Amino acid sequence: MTARTIDFRDEDAGPPARILIAVPDPVTRLLLGSLIERTGLEMVAVGCAEEALLRFCREEFDAVMIDVAMDGTAGLGTARAIRDRAGAFLPIIALGAGELNRVLRHAGFSAVLEAPSDSTVVASAIQTAFETEPVATLH
């Protein structure tokens, strides 16, 4: 399977990619919502690990973005559960990684977004996730 290219704001490319965002902080969810909306992608935002897993199991998503610091280790556990269910081809983006960037990439995340500062940075992280080789498992 080849990497998927995201055509941001290209209405002729079909329906926009759907991204599940799991972030406990409501301000960060609002900021990400605003930034992702500017890219033309569709976002579903949830505030806890349980809701993220529930929505992921019930709906189709093209990528997942998870706050790795969510409820202690819940972010990593959620990412592992989603990877186990979806397989290697689903891009999973770690949010809020800071100095853990290299460790998280090695652990199996498709991309790392340190802070949602503007829509260009968010779009770049999403595109990187779609272009990254599939990851079989999160360690």
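The model is predicted: local features need pLDDT of at least 70, side-chain atom pairs count only at pLDDT 80 or more, and totals for chains, interfaces and linings use all residues. Numbering runs from 1 along each chain as its sequence is written, and side-chain values use heavy atoms, without hydrogens and water.

Stay on Asp-67 and display its contacts (heavy atoms within 4.5 Å). Beyond four places in sequence, Asp-67 touches Ala-22, Val-23, Pro-24, Gly-75 and Leu-95. Colour strand S3, residues 63–67, where Asp-67 is found; strands are DSSP runs of E, at least two residues, and helices runs of H or I, at least four, numbered from the N terminus.

Next, the largest nonpolar core, with 21 residues. Such a core joins buried Ala, Val, Leu, Ile, Met, Phe, Trp, Tyr and Cys residues through side-chain atoms within 4.5 Å. Strand S3 and helix H3 (74–86) are among the elements that each supply at least two of its residues. Pick Phe-56, one of the residues with the most contacts inside this core. Its partners beyond four places include Leu-20, Val-64 and Ile-82. Then select Leu-41, Ala-63, Ile-93 and Val-122, which belong to a second, separate core of 19 residues.

Zoom out: the pattern reads β-α-β-α-β-α-β-α-β-α.

Methods:
Buried < 20%, exposed > 50% of the residue type's maximum accessible area, 1.4 Å probe, protein only.
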